[in-house]
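Open the model and keep the sequence beside it. The tour below goes from the surface to a metal site, then into the core and the backbone.

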Amino acid sequence: MTKKMVEKITNMDEDFAQWYTDVVTKAELIDYSSVRGSMIIRPYGFAIWENIKDALDAEIKETGHENVYMPLLIPESLLQKEKDHIEGFAPEVAWVTHGGDEKLAERLCIRPTSEVLFAEHYKNIIHSYRDLPKLYNQWANVIRWEKTTRPFLRTLEFLWQEGHTCHETEEDAHEETVKMLNVYADICERVLAIPVIKGRKTEKEKFAGAKYTYTIESLMHDGKALQSGTSHNLGTGFAEAFGIEFLNREGKLQPVHQTSWGFTTRIIGAMIMVHGDDKGLVLPPEVAPTQVLIVPIAQHKEGVLDAAYELHRSLKSSVRIGIDASDKKPGWKFNESEMKGIPIRLEIGPKDIEENKVVLVRRDTGEKIQVENANIEMEINRLLTDIQENLFQKALEHRNNKTASAVNMEEFQEQLTLHGGFIKAMWCGKQACEDQIKELTQATSRCIPFEQENLSEECVCCGQKAEEMVIWAKAY
Ligand SMILES: [Zn+2]
């Protein structure tokens, strides 16, 4: 009976949304909370986030940034200083109006992002070019009052890091914006095995208050896109609104050039939807809390548990390894380890012990490999590297199979209906066409990729002179 309960998740090609819900709950990543749209990140889900966070935090520090912490609450007057910013965020802001029984003289907003908090602080601590650059980052939670929510993908409250930097020149700010986009791309591709496309957001899709926004876009199993990290050049907009000025090398006062960039728990949703299958999660070894799970076979027989624990002891310094010595049946344990996406299952039973061997089973391919005791550690390390690489290649192949070009709207619709995915098409640069494409197809502009192609001279929508190639898709 219990075995059946572990197994039962919806087939992903039948109902992808339900499959996703089944996986996040049954793999014990989250639980729902009593506040609509909020989630409890359970230990297994949080351990995955910690691995992602550790990898990203290391790169943030390696590139010269320092971690700080800003307050949760923002006075309304502060939020309103930068016009575009408040206009963009006003519909999703949550307000604190009372302290105890007392009504506050000024409402306080719970941060949806912290540009204005950093701006106010920077105004106080930056005076001269000698104070620059300022390269700050914070790990925090934010609240955005979303109407429709889904675990990890869109929640009222989510965890993220937000970088906020100040620079002397426009070029320095531009370089920083590019540098951090590349850091995000590296984390996605190297750590999460998710291939990304780098590009610039259109004016319509850029961050509220930014000069321009760079983005990395990835493609999910169901052919929908997901924005996976953004890096904004804020120009001098916030600096002018908040008076963040410094004496430059010529002794003149000038506003700083700023950037901000963010990476969120949303990426866990992406990882699930890129790699998962009908058995549940498939975790890239780099982020898997447990990379290898030992499952003793016929563990009541003499010597089996001892041998399993001995293996655990000898391997735990080189790999994140667990052991399931509970009294559940091996079949149940197999299903459970598959549901949780553990990259390698290590089986050891009386016969294996006799032969000085163990069996390794790959989660990504299901392949079973017999390994002699002397080679276990080497073989595990080789497999982990291979699984990480295989997941990336599979995702890349999937994305390539679901990427098409279109030179007119008929082709656009056809390709999108056929397999969803990314559609490359030329664009005149006018928002009217962007709006019309969305209305006709539900696809939005994902980015103007850095790697441009010249597919035609004409805009896919209006037929007028095209300026750039845009990647379009239906998106999460
Ligand atoms: Zn057009």
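A patch is built from residues with over 30% relative accessible area and no salt bridge, and nonpolar side chains are joined within 5 Å. This is a predicted model. On its surface, Tyr 69, Leu 72 and Leu 73 form a nonpolar patch. Together they have about 280 Å² of accessible area. Tyr 69 sits in the loop between strand E3 (66-67) and strand E4 (73-75). Its relative accessible area is 53%, so Tyr 69 is exposed. In soluble globular proteins, nonpolar side chains tend to be buried together.

Turn next to the zinc ion. Which protein atoms are its donors? They are the SG atoms of Cys 428, Cys 433, Cys 459 and Cys 462, lying 2.3 to 2.4 Å from the ion. The four donor atoms subtend angles of 103 to 116°, and therefore the arrangement is tetrahedral. The ideal angle for four tetrahedral donors is 109.5 degrees. Along the chain, the donors follow the spacing C-x4-C-x25-C-x2-C. Buried or partly exposed? Cys 433 counts as buried because its relative accessibility is 6%. Cys 462 has a relative accessible area of 34%, so it is partly exposed.

Now go inside. The largest nonpolar core has 57 residues. Those with the most contacts inside it include Leu 29, Ile 52, Phe 152 and Phe 263. Several elements give two or more residues to this core, among them helix H3 (43-62), helix H7 (170-191), strand E14 (257-264) and helix H9 (266-275). H7 gives the most, with eight residues.

End with a peptide bond. From Leu 132 to Pro 133 the bond is cis, with omega near -5°. Pro 133 is placed in the loop between helix H6 (115-125) and strand E7 (134-143).

Definitions and conventions
Residues numbered from 1 in each chain as written. Predicted model: local features only at pLDDT ≥ 70, side-chain atom pairs only at ≥ 80, totals over all residues. Heavy atoms only, no water. Patch = residues over 30% accessible without salt bridge, like charges linked within 9 Å, V, L, I, M, F, W, Y side chains within 5 Å. Areas by Shrake-Rupley, 256 points an atom, 1.4 Å probe, with all protein chains shown as cover. Salt bridge = Lys/Arg side-chain N within 4 Å of Asp/Glu carboxyl O. Helix = DSSP H or I, 4+ residues; strand = E, 2+ residues; numbered from the N terminus. Buried < 20%, exposed > 50% of the residue type's maximum accessible area, 1.4 Å probe, protein only. Donors = N, O, S within 2.8 Å, 3.2 Å for Na, K, Ca; no water. Tetrahedral: all angles 85-135°; square planar, octahedral: opposite > 155°, others 65-115°. Core = buried A, V, L, I, M, F, W, Y, C linked by side-chain atoms within 4.5 Å.
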